[in-house]
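I opened the model to look up a few places in it, one at a time. My notes follow in the order I took them.

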Amino acid sequence: RITAQLIKADDGYHLWSETYEREMDDVFAIQDEITGAITRALQLELGMAHTDATPTSNLEAYQLFLRARYLLALRGGENLQQAAEFFDQAIARDPEFARAWSGAAFTWSLLPSYAGVSTKLTREKVTHYAQRAIELEPYNPESYVALGRIKASLDGAVREAGALFEKAYELSPNDVDVVNLYGDYLFRVGNWDEAESMERRSVEL
């Protein structure tokens, strides 16, 4: 049983509410069905567009992906190395799982800052994972951020890195990692005002 509510934050007024009851047979099918129903119900309120909420149909791959995302969010050398392993396991179970590929690329792009990972290995890993993620999902901002970090920090290709960060920001301007790391890049190249604006935005997010 899933209950969805739309509530005004300023006064707590309930604008819309609906309860959905289903048999727990196929969690992804249920997720798609209910997401679609909620989206259609809210289109009049918010003008929302429907998006595909299911990144994979393999439940085991999805569970491994969630473990990896949790460890990735914690940061730290050991956590990131374990996250990379979980992403690999998710990919092994579903090679078409684009967000597992991009998660692996992003994780590897962070590892040099938290663990003693060689430049050569980092570049190879990030490029491999990010390029495959983009092949599967061209509008994947995480992959462009990962490539941007490598271009800026390892290759010194500042202009090329900037284009990658801009691409990621255009695709997902409300993603806190995208905004935060774009701000880091702007700070690195001495664009102080824009960097401060981006970092303040990341704090808000």
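I looked up Thr56 and found it buried, because its relative accessibility is 3% and the cut-off for buried is under 20%. I note that the model is a predicted one. I then asked where Thr56 is found. Thr56 lies in the loop between helix H1 (27–46) and helix H2 (59–74).

Next I looked up what the side chain of Thr56 reaches. It makes a polar contact with the side chain of Asp94, at 2.5 Å. The side chain of Thr56 also reaches the backbone nitrogen of Asn58, at 3.1 Å. Leaving out residues up to four places away in sequence, I listed Phe28, Ala61, Tyr62, Asp94 and Phe97 as touched by Thr56.

I looked up Arg75, in the loop between H2 and helix H3 (77–93). Is Arg75 buried or exposed? I wrote down buried, because its relative accessible area is 17% and buried means under 20%. I also noted its backbone: Arg75 has a positive phi of about 60 degrees, although it is not a glycine. I marked this because most residues other than glycine have a negative phi.

For two packed helices I noted the angle between the axes and the distance between them. Helix H5 (residues 119–136) packs with helix H6 (residues 141–153) at an angle of about 155 degrees, and their axes are 9 Å apart. H5 passes H6 in a left-handed crossing.

I then listed who meets whom. From H5 come Thr122, Arg123, Val126, Thr127, Ala130, Ala133 and Ile134, and from H6 come Ser143, Tyr144, Ala146, Leu147 and Ile150. In the contact of H5 with H6 I recorded eight nonpolar residues, three polar and one charged.

Helix H8 (residues 176–188) and helix H9 (residues 192–204) pack at about 160 degrees, with axes 8 Å apart. H8 is therefore roughly antiparallel to H9. The crossing of H8 past H9 is left-handed. Among the residues making the contact I noted Val176, Tyr182 and Phe187 of H8, and Trp192, Met198 and Arg201 of H9. By class, the contact of H8 with H9 has eight nonpolar, three polar and four charged residues.

Definitions and conventions:
Residues are numbered from 1 along each chain as its sequence is written. This is a predicted model: local features need pLDDT of at least 70, side-chain atom pairs count only at pLDDT 80 or more; totals for chains, interfaces and linings use all residues. Side-chain values use heavy atoms; hydrogens and water are left out. Helices (H or I, at least four residues) and strands (E, at least two) are DSSP runs, numbered from the N terminus. Buried means under 20% relative accessible area, exposed over 50%, partly exposed in between (1.4 Å probe, protein chains only). A polar contact is a pair of N or O atoms within 3.5 Å; within protein, one must be able to donate a hydrogen and the other to accept it, and residues adjacent in sequence count only if both atoms are side-chain atoms. Contact means heavy atoms within 4.5 Å. Axes are lines fitted to C-alpha atoms, for helices over the stretch in contact, and angles run from 0 to 180 degrees between N-to-C directions. A crossing is left-handed if the near helix is turned anticlockwise from the far one by less than a right angle, and right-handed if clockwise. Ala, Val, Leu, Ile, Met, Phe, Trp, Tyr, Cys and Pro count as nonpolar, Asp, Glu, Lys and Arg as charged, and the others, Gly among them, as polar. Angles under 35 degrees count as roughly parallel, over 145 as roughly antiparallel, 65 to 115 as roughly perpendicular and the rest as oblique.
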